[in-house]
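Colleague: I would like to go through this model with you, one site at a time. Shall we begin?

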Amino acid sequence: MTITIDLRQVVYALADALDLVGVDETAHGKRVGYMAFKCAESLDLGKTARERLFHIGMLHDCGVSSTEEHTHLVEEMLWEGADAHAEIGATLLEGFSYFGEYAPIVRYHHTPWEELRDNGDVDREVAKDANLIFLVDRVDALSAVHYGKDLLQQTGNIRSAIQGYSGTLFSPELVELFMQVSNSEAFWMMLEPPHLQRFLFDMERFTAPQPVSFDKLKQLARIFATIVDAKSHFTFEHSVGVSRLARHLAERSGLPFDTCERIEVAGLLHDLGKLRVPDQVLDKPGPLDADDKLMLHRHSFETYQVLREIEGIEDIALWAAYHHEAPNGQGYPFRRSGEELTQEARIIAVADVFQALAQDRPYRKAMELKQILDLIRQMAAEGRLDSELVSMVTSAPEGCLKLAVS
């Protein structure tokens, strides 16, 4: 696979995906990234160091996929268990070479300064960077309820609150730095859309491209999938199972190797949009009502909006986004049908349905194989799944089941 992807665009896409967790409260990571960048700028750090802190700020909450956890992040200064998502995020990032150096900073971004300063096992520069992310992260938590309302009127209170934690939660040196950086109205106004969006646009425009190989994109896709599947214990490894089964069906369909590779990635990424679905909808023990269904039906559209920004994977974005479309045109959310649905998109759809039926859900246990086969045959007869692909599954179901849930 010779295609290369721009890592900058992938970072922005991951930040967009993480923003979905907030449902209606978005851009937390981007605001943290902006504030970290401005602090680095005030320290007269070089371009690379500034961009590094900006990216860490955007990705620092990659260990959060639950809307409940996100609510804690933006509504509370401190809470029990705040450090758990930092550990998860660090584990995710350390497995990818380009983000490996971010991992220890993410690991300690909720550790109070009074603990970090005396911890001889933590590098001093790591401790400083982690505490900076912690500080601006908590600034955003204090500011969240004021965006679009009375932020400028509240900046004095926010700054005073941060000063009150000097020497305990935050390094006195960093508190002093923040007080200098935040001593202008412009600093605070940039936190609100559309000004924040313009800052992000400028960052992307003036940052040098950083190409990564398709193999590295596959590694990143597994990080994305892990974040999504962690949202509910009912969806544990759902994306991985869909990815394995989809690749198997692609190979059995005789598709070229490169296409099979891309289908595997589409399977990993197909449910990115579920990060925006509230926990109570995904984990609801009974039937979904009309409003729940509308919320759930947004997720494949959100998947497309995240992935469409990455140049070079336009086909993957569509295959992933179409996984709830149907040959008869009665799927969602784009209502595609017939020839509008490529073989690749149909493969993802069949793999998604099969894997979901073979996995526990809050309203039912995993179905027996015979039940699964009867149901997907019925769906094929009704035009909701591709009949040839369903026949391919039913001709060797045990192997498909092993790929889907092993």
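Colleague: Is E302 buried or exposed?

Modeller: E302 is buried, with a relative accessible area of 8%; buried means under 20%, exposed over 50% and partly exposed in between, with a 1.4 Å probe and protein chains only. Please note that this is a predicted model, where local features need pLDDT of at least 70 and side-chain atom pairs count only at pLDDT 80 or more, while totals for chains, interfaces and linings use all residues. Residues are numbered from 1 along each chain as its sequence is written, and side-chain values use heavy atoms, with hydrogens and water left out.

Colleague: Which side chain has a polar contact with that of E302?

Modeller: The side chain of R298, at 2.8 Å. A polar contact is a pair of N or O atoms within 3.5 Å; within protein, one must be able to donate a hydrogen and the other to accept it, and residues adjacent in sequence count only if both atoms are side-chain atoms.

Colleague: Which residues does E302 touch, leaving out those up to four places away in sequence?

Modeller: E302 touches L20, G273 and R276 on that basis, contact being heavy atoms within 4.5 Å.

Colleague: Turning to pockets, how much space lies in the largest one?

Modeller: About 920 Å³. On a 1 Å grid over the protein atoms alone, a pocket is an open set of points with protein on both sides within 12 Å along at least five of seven lines, whereas a cavity is a set where a 1.4 Å probe fits but cannot get out; lining residues have an atom within 4 Å of a point. Points are joined across faces, edges and corners, and a volume is the space filled by probe spheres set on them.

Colleague: What lines the largest pocket?

Modeller: There are 36 lining residues, and L296, H324, Y332, D352 and Y363 lie nearest the centre. Helix α20 gives the most to this lining, with 5 residues; helices are DSSP runs of H or I, at least four residues, and strands are runs of E, at least two, numbered from the N terminus.

Colleague: And how many cavities of 30 Å³ or more does the structure hold?

Modeller: It holds 4. The largest cavity has about 130 Å³ of space, and of its 16 lining residues, L18, H28, G29, D61 and H70 are closest to the centre. The largest share of that lining, 3 residues, comes from α1.

Colleague: Finally, is K402 buried or exposed?

Modeller: K402, in helix α23, is exposed, with a relative accessible area of 61%.
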